[in-house]
Amino acid sequence: MTSNQSKKRRLLQGNEAIVEGALAAGCRFFAGYPITPASEISEILSVRMPQAGGTFIQMEDEIASMGAIIGASLAGVKSMTATSGPGFSLMQENLGFACAAEVPCVVVNVMRGGPSTGLPTNPAQGDVLQARWGTHGDHPIIVLAVSTVDDCFELTVRAFNLSEKYRVPVIILSDEMVAHTRESIILPSSDEFEVIDRITPSMPPEWYIPYEDTSRGVSPMAAFGEGYRYHVTGLVHDVRGFPTQRPEEIERFISRLFRKITKGFNEIQMTSSMMTEDAEVAVITFGSVARSARRAVIEAREQNIKAGLLQLITLFPFPRHPVEEVLRKCRAVLVPEMNMGQISREVKRVNTEGTHIKKHNRIDGQFMTPDEILSQLIKL
Amino acid sequence: MPKEVTKLIHKYLRHDKKFPHVWCPGCGNGIVLGAMIRAIDRLGLKKDDIVLASGIGCSGRMPVYVDFNTLHTTHGRALTFATGIKLAKPSLMVITIMGDGDATAIGGNHFIHAARRNLDINAIIINNQIYGMTGGQHSPTTPYGCYSTTSSYGHIEHAFSISELAVTAGADFVARGTVYHAELLEELIEKALQRSGFSIVEVMSNCHIQFGRKNMMGDPITMMKWLRDHAVTLEKARKMTPDSLKDKFTIGILADVEKPVYTKEYEKIRKKAQRSSKVKNESRSI
């Protein structure tokens, strides 16, 4: 009997799988505020967190939720919050703090139609660029996009791992479609996936320099209350964590924030490709639209169109190299998305070969079907 | 006495790292810092166990100077970060230091909810009735009729009473002091730190540079005298008529009640949750 047969198959929705992934990754603190279509994550964690010995708290708003998870992470506990567009907007302020003070945390944004209150119960992908640039100032951030219930588990674990390893907030972009679709999945057992914890200082407190540069650009992180008394601030700071206005220290600080992510590009930038080896036309997409795109590409092949699919799993840092490779190989590329063209802008940005790029956008709150992607593919 | 002060400075301040400080000569913030340090020292708390979290503004710089686990958060959000820290590690003594604009304008929502929720957090709010760091704009506690850089024709809004707001919002322990009554302040902070549940000490302070200058109190001594003459102890206030109390404020302990504390309540929730999941698993295996 294989291990998969011994394990139970479960029928889960995306939001439930995110909860399972978070708990499996060692998340023991969750703060949130009710919002459709992310509320199930809060509801389930209010039951599961205390069972796991962790803490769930419903805060007064999303600003507070974001602040609370940063606080918990500073105290040494892996933390997460979950929200949707309007709440994500409110989180941007403290999200910037987490970037500047390099506090690991995971933010799930179950996208719905926008702008403003928008379409609370319909899927959309309109928060892609907000996830990258929503908080002010130059800052690095990692954005992952889920497309299936399996993804929701796996990428949530991955999100925590990247966040802990690089000391950077990681955004998981889901959408109403993935969040509420139920699929049958087998949850892996704990020996089947890797869990990474932040590096903590091993030197005596008097030697600890909290924001010291290292070869990876990531410094060990002490939890509050462990004897390393240091200062954490959202102001630009020196290696000891104290505010600075010295140009050379400012420059060193901002560059290191970017360098630590650049150094990890190979590991951070994840894509998945299907039938791209001999493709003449390709679909580049992400999230729930990738589900329809997969079907559309298979059907195109049945009609003797040499089509392929490049699914972006990491949206930011933008996986430039795999996209460039597809642009080099293919005659034309279709970028379907449920927004006005946020990822197609990125694809166009790296298109140095002059490949024909066709964007296809759906903004009516309806899910993008395989048929409509196929009809666009045929026209390429 | 001077020797005693030097000892405390060496024990609690990051004197070799981040001085001189950013505060103006005569600022009340130093008196609050001193009172807090003496209270902590008297209680014999361990520096490793203390978290001092602040928001933004002049008060927000306080954590830089003290040798605790220190956190300088975003404007108005100190209590939200403090909530996460306290829940993740209840053994820590979490103190937040905020200004009047910080705590009751931009952070007003967090303030009332922290009071309602009753987490074991100590909030010290320095109320100087103005936004000092940004140049003297009116805050939620700027009195009616006063002048500021954004109320040049006289302030037409009405001020919050921070302590009364805290009492109404359900805080366990609420006290008000001033930087003139430094010894009383120390006592109030000491009491607050000993209390479980959410405790607030509002400190009436002087910003002679940004508030005083526009309101004919442009030096620290005049402002100190103003604090002395307008503060009334609770005992005295009980004997006074509402009319004579009109432009005064009370000092002392305004509320002191016992309510279940969040962290202890949550510990019960954990036990309940773990019991119910065990029962569920057992019934499943049958």
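How many bridges join strand 10 of chain A to strand 2 of chain B, and in which direction do the two strands run? Three bridges join them, and the strands run parallel.

## Basis of the model

This is a predicted model: local features need pLDDT of at least 70, side-chain atom pairs count only at pLDDT 80 or more, and totals for chains, interfaces and linings use all residues. Residues are numbered from 1 along each chain as its sequence is written, while chains are lettered from A and ligands numbered from 1 in the order in which they are written.

Strand 10 of chain A spans 231-233, and strand 2 of chain B covers residues 69-72. Two strands pair if DSSP finds at least two bridges between them. Helices (H or I, at least four residues) and strands (E, at least two) are DSSP runs, numbered from the N terminus. His231(A) has Thr70(B) as its bridge partner. Thr233(A) stands opposite His72(B).

Strand 2 of chain B also pairs within its own chain. Strand 1 of chain B (residues 50-54) runs parallel to strand 2, with four bridges between them. There, Ser54(B) is the bridge partner of His72(B). Both faces of strand 2 are covered: Asn69(B) and Leu71(B) on one side, Thr70(B) and His72(B) on the other, all buried. A residue is buried if 20 or more other C-beta atoms lie within 10 Å of its own, exposed if 12 or fewer, and partly exposed in between; C-beta atoms are placed from the backbone.

## Thr73(B)

Thr73(B) sits in the loop between strand 2 and helix 4 (78-88) of chain B. Is Thr73(B) buried or exposed? Thr73(B) counts as buried because it has 31 C-beta neighbours inside 10 Å.

Which residues does Thr73(B) contact, leaving aside neighbours within four places in sequence? From chain A come Gly67(A), Phe97(A) and Gly234(A). From chain B come Ala53(B), Ser54(B), Gly55(B), Ala78(B) and Phe81(B). Two residues are in contact if their C-beta atoms, placed from the backbone, lie within 7 Å. Gly55(B) is 18 residues from Thr73(B) in sequence, yet 5.1 Å away in space, C-alpha to C-alpha.

## The A-B interface

Here 37 residues of chain A are in contact with 37 residues of chain B. On the chain A side, strand 2 (29-32), helix 3 (39-51), strand 3 (55-58), helix 4 (62-74), helix 5 (85-101) and strand 10 each supply at least two residues. Helix 4 of chain A gives the largest share, nine residues.

That side divides into 21 nonpolar, twelve polar and four charged residues. Ala, Val, Leu, Ile, Met, Phe, Trp, Tyr, Cys and Pro count as nonpolar, Asp, Glu, Lys and Arg as charged, and the others, Gly among them, as polar.

## Domains of chain A

Chain A is divided into domain 1 (3-192) and domain 2 (272-379). The bounds come from an automatic or database domain assignment. The C-alpha centres of the two domains lie 26 Å apart.

In the contact between them, 24 residues of domain 1 meet 18 of domain 2. Strand 6 (119-123), helix 6 (128-133), strand 7 (142-145), strand 8 (169-175) and helix 8 (176-180) of chain A each supply at least two residues of the domain 1 side. That side holds 16 nonpolar, six polar and two charged residues.

## The five-stranded sheet of chain A

An open sheet of chain A has five strands in the order 11-13-12-15-16, with mixed pairing. Strand 11 (271-274) and strand 16 (356-361) stand at the edges with a single partner strand each, so one side of each has no neighbour in the sheet. The twist averages 20 degrees from one strand to the next. Strand 12 (residues 281-286) and strand 15 (residues 332-337) run parallel, joined by three bridges. Val281(A) has Ala332(A) as its bridge partner.

Helix 13 (residues 342-349) lies across strands 12, 13, 15 and 16 of chain A, at about 155 degrees to strand 15. Helix 14 (residues 370-379) touches strands 12, 13, 15 and 16 of chain A, and its direction makes about 155 degrees with that of strand 15. Axes are lines fitted to C-alpha atoms, for helices over the stretch in contact, and angles run from 0 to 180 degrees between N-to-C directions.

## Helix packing in chain B

Helix 4 and helix 6 (residues 108-117) of chain B pack at about 40 degrees, with their axes 8 Å apart. Leu79(B), Thr80(B) and Thr83(B) in helix 4 meet His110(B), Phe111(B) and Ala114(B) in helix 6. The contact divides into three nonpolar, three polar and no charged residues.
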